[in-house]
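Me: I would like to learn how to read a protein model one feature at a time. Could we go through this one together?

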Amino acid sequence: MTFSPRLAVSKAYVLAEMETRKLLHDPTELISRAVQPILWLGIFGEALSKTRTLSTPGLSYLQFIAPGILTQSVVFVAIFYGLYVIMDRDTGVLQKLLVTPTPRISLVWGKMAAAGVRGLSQAIIVYLFATVLGIHLRVTPLTVGGVVVIVILGGSFFTGLSMIVAAIVKTRERFMGIGQVITLPLFFASSAIYPISIMPGWLQRVSNVNPLSYMVDALRALMLDTPGRVGLDMAVLAAAALAISLVSAWFYPKVVM
């Protein structure tokens, strides 16, 4: 059958809608996911802001880390999305999807889009809690639209990565361990909670090729109106998400092998 981009996008939309409905029917997940950004901002951020050990010129420390905590929350939601793939396999849902004529790339794009929607719920939580803490964030239609795009692109990339990991390890226990191994180093090797300038040289070089750093950089520029390269950041994340989706589509059927 000839590949049709329009048909692939249409089927991905249907799958993403199906995945999103699961979230709407189980709001307890939204509540549990809200805990992480609230703890990081309300406890870690507040405590470290009192020490005044990190220099963030023109910004309070809470302002500085708010985009970083949003990035962390989105990535942690996305990176464990591969766990749902393993669960779908164990319940037989994945096998049924794979025997349909739906393009494999549509299955991947559907998961990626659904993870992006889940990431947007984290953005809402961060914005609301930032208001409670008195953190001034820039809120305009243009900046909020930009945040939506960045969250979806970043969430999509890390969802694709998690699906590749799920296809390789195949078990929930191994996946949970590897998920932590991937996310924590990426998080701490970015500018999420401290400026890149204070890192040692070798870590700065790692940070400059870390996709999470591009996500933080774009969100910080949009949410705080700081100097940034939003266009470049979006382009890098879009290219990375597309590339990882193609690799993930190739790996996807291997989950059941």
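Me: At what angle do helices α7 and α10 pack, and how far apart are their axes?

Reply: Please keep in mind throughout that this is a predicted model. To read a helix pair, we look at the angle between the two directions and at the distance between the two axes. Here α7, which covers residues 141-169, and α10, which covers residues 211-224, pack at about 170°, and their axes are 9 Å apart. Because an angle over 145 degrees counts as roughly antiparallel, α7 is roughly antiparallel to α10.

Me: Which residues make the contact between α7 and α10?

Reply: On the α7 side the contact is made by Thr143, Gly146, Val147, Ile150, Val151, Gly154, Gly155, Phe157 and Phe158, while α10 contributes Pro211, Leu212, Met215, Ala218, Leu219, Leu222 and Met223. When these residues are sorted by class, 12 are nonpolar, four are polar and none is charged.

Me: How many residues does α7 have, and what distance does it reach from its first C-alpha to its last?

Reply: A helix can be checked by setting its end-to-end reach beside the span expected at 1.5 Å a residue. Helix α7 has 29 residues and reaches 42 Å, which is close to the 42 Å expected. After α7 comes Lys170, whose phi is positive, near 70°.

Me: How is α3 oriented relative to α10, and which residues of the two helices meet?

Reply: The crossing in which α3 passes α10 is right-handed. From α3, the residues Gln63, Phe64, Pro67, Gly68, Leu70, Thr71, Val74 and Val75 meet Leu212, Met215, Val216, Leu219, Arg220, Met223 and Leu224 of α10. This contact divides into 11 nonpolar residues, three polar ones and one charged one.

Me: Is Gln122 buried or exposed, and what does it touch?

Reply: For burial we ask what percentage of relative accessible area a residue has, and under 20% it counts as buried. Gln122, which has its place in helix α6, counts as buried because its relative accessibility is 1%. Leaving aside neighbours within four places in sequence, Gln122 is in contact with Arg33, Ala34, Pro37, Leu70, Ser73, Val74 and Val77.

Me: Where is Thr102 found, and where is Gln204 found?

Reply: Thr102 is found in the loop between α5 and α6, and at 13% relative accessibility Thr102 counts as buried. Apart from neighbours within four places in sequence, Thr102 is in contact with Lys11, Leu15 and Leu107. Gln204 is found in helix α9, residues 201-208, and with a relative accessible area of 26% Gln204 is partly exposed. Not counting residues up to four places away in sequence, Gln204 touches Ile196, Ser197 and Met199. Distance along the chain and distance in space can also be read side by side: Gln204 and Ser191 are 13 residues apart in sequence and 9.4 Å apart in space, C-alpha to C-alpha.

Key
Residues are numbered from 1 along each chain as its sequence is written. This is a predicted model: local features need pLDDT of at least 70, side-chain atom pairs count only at pLDDT 80 or more; totals for chains, interfaces and linings use all residues. Side-chain values use heavy atoms; hydrogens and water are left out. Helices (H or I, at least four residues) and strands (E, at least two) are DSSP runs, numbered from the N terminus. The expected span of a helix is 1.5 Å times one less than its number of residues. Axes are lines fitted to C-alpha atoms, for helices over the stretch in contact, and angles run from 0 to 180 degrees between N-to-C directions. Angles under 35 degrees count as roughly parallel, over 145 as roughly antiparallel, 65 to 115 as roughly perpendicular and the rest as oblique. Contact means heavy atoms within 4.5 Å. Ala, Val, Leu, Ile, Met, Phe, Trp, Tyr, Cys and Pro count as nonpolar, Asp, Glu, Lys and Arg as charged, and the others, Gly among them, as polar. A crossing is left-handed if the near helix is turned anticlockwise from the far one by less than a right angle, and right-handed if clockwise. Buried means under 20% relative accessible area, exposed over 50%, partly exposed in between (1.4 Å probe, protein chains only).
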